[in-house]
Each structure stands twice: as structure tokens, then as C-alpha cells.
Amino acid sequence: MRSLEPALLVDRDGTLNVDLNYLDDADRLEIFRGVGAALRLARAHGFRIICVTNQSGIARGLYTHEQVAQIHARLNHRLAAEGAGIDAFYYCPHRPEDRCPCRKPGTGLLEQALRDHHLDPHRSAMVGDRVLDVIAGESLGLVTGFVSGGPRAEERQRELRSSDHHPDVAADTFLQVVLRLLARG
Ligand SMILES: [Mg+2]
Ligand SMILES: [Zn+2]
């Protein structure tokens, strides 16, 4: 039997790239500085890198599955130039009112990823910029990381403060969060 591997589960918008609300065009993709380095380091430490992202823009008719696939291909193309990459993408195409099990803070996407890739939840972490990312991670007993800086810092921090949820690690940038997670061992 294959042994279980650790994973870094990462949100997309606001975590890896600038959150444009409904990003529909790969040409508008803007990756935050340090993301490539962070992912490269995590991989060097043996982590699989899995992106888990809510993309309700699909159900809202704002963009298509194909456009999402193009954005993910572009993201990996850009990361490859920095020796980094994302091993798999999981996204929820539904709206909140669809009450699906996959939209974060639901755990459907994360559970699917853990199963598909034989990942060890006890050695895996979920990193995002929203409380819903923290909730999804902690619901499965994962270590949680919160990116508290960036263009929407105030809004995101207010959201976190007004919740009852406390990420294990919080820092301004994705790179800082990943460095702290790796330092925890
Ligand atoms: Mg986000
Ligand atoms: Zn869903």
C-alpha cells in the first residue's frame, strides 16, 4: 500500500493571485510576488500542492469551465518559469444557494483531493485568505494558514476577527505563511 503524503491545499483568488472578484480571463491573472518561491519550497519539503477554489462564476454564467481551465493552465505555466507548479486543481462551480457539499466552507473539495492523491490529513495544511478557507481546513483537522495582507487586507482581517475561527498561522503574504508552516515541521 502506498503511504500517505502531506499536502499543501491552497485557495486561489486572494491567496495565489489578485482577487478580481470573478476572474474570467487568463490575461488578467496577476500572481502575488513570492508565490512561486513558496510553492517550490513546499514541494522541496515533500508537499503535494493542490488548489481548492470556489468558482461560483460558472453557475452565475459569468464564465465557463473552459475559461477556468485556461486560467489554471496559465497559472501553472507562469509558476513553471519559477520552478514551481500546482499538482491538481479542484473547484466548486456552484452558488451558495445551491447548497452543494463542495463549496468552501464545505469540505467536499478538500476530501476529494485527499482521497484522489492519497494525502495524509494529519500532515497537511490549508492556506487561504478567507474565513471559509480556515473553516474548511479546521473541519478536517488540517493545520490552517491565513494570508492577512494584500489588497483586501482590512476586509479579510475584519471578517476573521468577527468570526470564532483562529488559523494556526497568519501572516501578511502567502510566502510568509508557508515559511511558518514549514518551520512548524
Ligand atoms: Mg480567496
Ligand atoms: Zn459546489
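Leu23 is placed in the loop that runs between strand S1 (7-10) and helix H1 (35-44), where helices (H or I, at least four residues) and strands (E, at least two) are DSSP runs numbered from the N terminus. The model is a predicted one, in which local features need pLDDT of at least 70, side-chain atom pairs count only at pLDDT 80 or more, and totals for chains, interfaces and linings use all residues. Residues are numbered from 1 along each chain as its sequence is written, chains are lettered from A and ligands numbered from 1 in the order in which they are written, and side-chain values use heavy atoms, with hydrogens and water left out.

Leu23 counts as buried because its relative accessibility is 1%; buried means under 20% relative accessible area, exposed over 50%, and partly exposed in between (1.4 Å probe, protein chains only). Apart from neighbours within four places in sequence, Leu23 is in contact with Arg12, Asp13, Asn17, Arg28, Leu29, Tyr63 and Ile71, contact being heavy atoms within 4.5 Å. Between Leu23 and Arg115 there are 92 residues of separation in sequence and 28 Å in space, taken from C-alpha to C-alpha.

The magnesium ion (ligand 1) is coordinated by Asp11 (OD), Asp13 (O) and Asp129 (OD), at 2.1 to 2.2 Å. Donors are N, O and S atoms within 2.8 Å of the metal (3.2 Å for Na, K and Ca), and water is not among the atoms, so sites may look incomplete. Along the chain, the magnesium donors follow the spacing D-x1-D-x115-D. Asp11 and Asp13 are both buried.

His94, at 27%, counts as partly exposed.

The structure holds zero disulfides, a disulfide being a pair of cysteine sulfur atoms within 2.5 Å. For Cys51, the closest cysteine sulfur is that of Cys92, and the distance of 13 Å is too far for a bond. Cys51 is buried, at 0% relative accessibility.

In helix H6 (residues 174-184), the buried residues are Phe174, Val177, Val178, Leu181 and Leu182. These residues lie on the same side of H6 because they cover an arc of only 130 degrees around the axis; the arc is that of the directions from the helix axis to the C-beta atoms. The elements covering the buried residues of H6 include S1, H1, strand S4 (125-128), strand S5 (143-147) and strand S6 (169-171). After H6 comes Gly185, which has a positive phi, near 80 degrees.

Side chains of opposite charge can pair when their charged atoms come close. The structure holds 15 salt bridges, a salt bridge being a side-chain nitrogen of Lys or Arg within 4 Å of a carboxyl oxygen of Asp or Glu. One of them joins Asp87 to Arg43, with the closest N and O atoms 2.9 Å apart. Asp87 is in the loop between helix H2 (65-80) and strand S3 (88-92) and Arg43 is in helix H1, so this pair ties together parts that are 44 residues apart in sequence. Asp87 also forms a salt bridge with Arg48, the closest N and O atoms being 3.6 Å apart. Because Arg48 lies in strand S2 (residues 48-54) and Asp87 in the loop between H2 and S3, this second pair ties together parts that are 39 residues apart in sequence. The relative accessibility is 34% for Asp87, which counts as partly exposed; Arg43, at 35%, is partly exposed, and Arg48, at 22%, counts as partly exposed.

A further salt bridge links Arg156 and Glu155, whose closest N and O atoms are 3.1 Å apart. Salt bridges that share partners join Asp19, Asp129, Arg152, Glu155 and Arg156 into one network. Arg156 counts as buried, at 4% relative accessibility, whereas Glu155 is partly exposed, at 38%. Asp129, a member of this network, is also a donor of the magnesium ion.
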